[in-house]
Amino acid sequence: MYGYGYQYSAIISGGGNPAAAIFSAYKSRVLADSGVVENDACTITFLESIGAGIIPSFSFLLDAYSGAAAAYSLRKLRNAYSGDAIRVRRASDNAELNIGFVDNVLDTSTLTTFASGSDAFVTTWYDQSGSGYNAVQTTASNQPKIVSSGSVLTLNSKPCINFDGIDDLFSSPYQVNVTANYANFYVLSSNNTATKYILACAITTSNRYAMGVNDIGNFQHSKRTAFISGSSISYSAGQVLLSDNNVTEIYKNNIIGGVASTLNNAFSAAPYTYIGQNLAAGNNLMSLQEIVMYAIDQSANRAGINTNVNDYYATY
C-alpha cells in the first residue's frame with residue numbers, strides 16, 4: 001500500500017471534494033495490493049500524509065509582508081513571535097494574567113478559566129512587530145473589555161476587544177509620521193456616531209493622523225501637515241477591514257473610497273497615539289480585533305495584505 005503520495009496529489013490538484021479524493025486514493029491502493037492492508041502503521045502513515053495535503057497551514061501576515069512598525073492582533077502574526085497576545089485584568093479581584101496563543105490564535109481556554117465567570121479587561125495589547133510599541137491602559141475604568149460574565153466576546157465568531165464609547169482607550173508609543181510613507185490596516189466593527197476615533201495621533205501641530213468616523217457618519221482617514229486632507233468611504237455596520245495610506249486613500253473591504261473629507265484631531269504639546277479616542281474626546285463604541293501599521297509604502301502589497309486578513313477574519 002505504499003507509493004500513494006503521487007496518486008493522491010494528482011487527485012487533489014484536479015479539484016473536487018477532498019473527502020472523496022481521500023476515499024478514492026485509499027481504495028485504489030488497497031485494490032492494487034489485492035485488497036490487503038499490510039499493517040496498521042501503513043494505514044496511519046497514509047492518513048497522516050493525505051491529511052497534511054488538505055489542512056491549510058496557518059498564514060502569518062508579518063512573515064508574508066514584513067516590516068510592520070507596530071502590530072496588534074488576537075491572532076499570531078509572526079511565526080517567530082514568542083510573546084503573548086494580551087494582558088488581562090479580572091474584575092472580581094483585579095488579578096492580572098498574560099494570555100498567549102494556542103495553535104496561533106488567542107488562548108481562549110486559559111482566558112475563560114482565568115475570568116472564572118467574571119468580566120475581564122485588557123490592560124496591555126502586545127506589539128508583535130518586535131518594536132516594543134505595546135498599547136496599554138493602566139486605569140481600570142478605561143480598560144476595554146474582552147470577557148463578559150465568563151464568556152469571551154466575539155466578532156464574526158472570533159475574539160474581539162470591546163470599547164465602551166465612553167472612556168475606553170489604549171495609549172501607544174508609536175506615532176504615524178504623515179510626512180513619510182505609511183499604510184495602516186484595521187479589523188473592527190464601529191458605531192457610526194459622528195466624529196468618533198478608531199486611532200488618533202499627533203507628533204507636532206503639522207504632523208497629525210486620524211482614522212475614525214466623520215461628522216456625517218462615514219469612515220474617514222485624515223492627515224494634517226501644512227493643511228488637512230483626507231478621504232472617506234460609506235459606513236457599514238458589522239465587521240469591516242479598513243486600510244489607508246499616506247496619499248490619503250481609504251479602503252473598506254478592499255474597495256477604495258473617493259469622497260474628499262476630513263476628520264480633524266487635536267494637537268497636544270506632548271506627542272500621543274490613542275486607540276479608541278482622540279485627545280480626551282471622541283471615544284468610539286467599537287469591537288477591535290487587529291491593527292497593523294507600516295511606516296513604509298505598501299501600495300504594491302495592499303491587496304495581498306487585505307487577502308491575508310480576509311482569509312482569516314472573513315470580513316468580505
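**Ground rules.** I number residues from 1 along each chain as its sequence is written, and I leave out hydrogens and water, since side-chain values use heavy atoms. Because the model is predicted, local features need pLDDT of at least 70 and side-chain atom pairs count only at pLDDT 80 or more, while totals for chains, interfaces and linings use all residues.

**Entry 1, strand β18.** I took helices (H or I, at least four residues) and strands (E, at least two) as DSSP runs, numbered from the N terminus. I looked up the burial of β18, residues 228-233. Buried means under 20% relative accessible area, exposed over 50%, and partly exposed in between (1.4 Å probe, protein chains only). Five of the six residues of β18 are buried, so the strand is largely enclosed by the rest of the structure.

I then looked up its partners, counting two strands as paired if DSSP finds at least two bridges between them. β17 (residues 219-224) runs antiparallel to β18 over six bridges, and a hairpin with three residues joins the two. I find F219 bridged to I233 in β18. β22 (residues 259-260) also pairs with β18 in the antiparallel sense, over two bridges. There S232 has V259 as its bridge partner.

**Entry 2, the β2 and β3 hairpin.** I noted four bridges between β2 (residues 86-90) and β3 (residues 96-99), in the antiparallel sense. I86 stands opposite I99. Five residues lie between the strands, and N94 in this hairpin takes a positive phi near 65°.

I counted rings of Phe, Tyr and Trp (its six-membered ring) as paired if their centres lie within 6.5 Å; planes under 30 degrees apart are stacked, over 60 edge-to-face, and the rest tilted. The structure holds twelve such pairs. In one of them, Y81 and F101, the ring centres are 6.3 Å apart and the planes are at 75°, so the pair is edge-to-face. Y81 is in the loop between β1 (68-73) and β2 and F101 is in β4 (residues 101-102), so the pair ties together parts 20 residues apart in sequence. Y81 and F101 are both buried.

For F219 and Y235 I have centres 5.3 Å apart and planes at 40°, so this pair is tilted. F219 lies in β17 and Y235 in the loop between β18 and β19 (240-245), so parts 16 residues apart in sequence are tied together. F219 is buried at a relative accessible area of 0%, whereas Y235 is partly exposed at 23%.

I located F60 in the loop between α3 (40-54) and α4 (61-64). F60 is buried, with a relative accessible area of 12%. Taking contact as heavy atoms within 4.5 Å, and not counting residues up to four places away in sequence, I list K76, L77, R78, N79, N104 and N308 as touching F60. K76 is 16 residues from F60 in sequence and 6.9 Å away, C-alpha to C-alpha. F60 also belongs to one aromatic cluster with F58, Y312 and Y313.

α6 (residues 302-313) has twelve residues and reaches 16 Å from its first C-alpha to its last, close to the expected 16 Å; the expected span is 1.5 Å times one less than the number of residues. Its buried residues include R302, N308, Y312 and Y313. A314 follows α6 with a positive phi near 55°.

I last checked charges over rings, which need NZ of Lys or CZ of Arg within 6 Å of the ring centre and within 35 degrees of the ring normal. The charged end of K158 sits over the ring of Y312, 4.8 Å from its centre. R302 lies over the face of Y251, at 3.9 Å from the ring centre.
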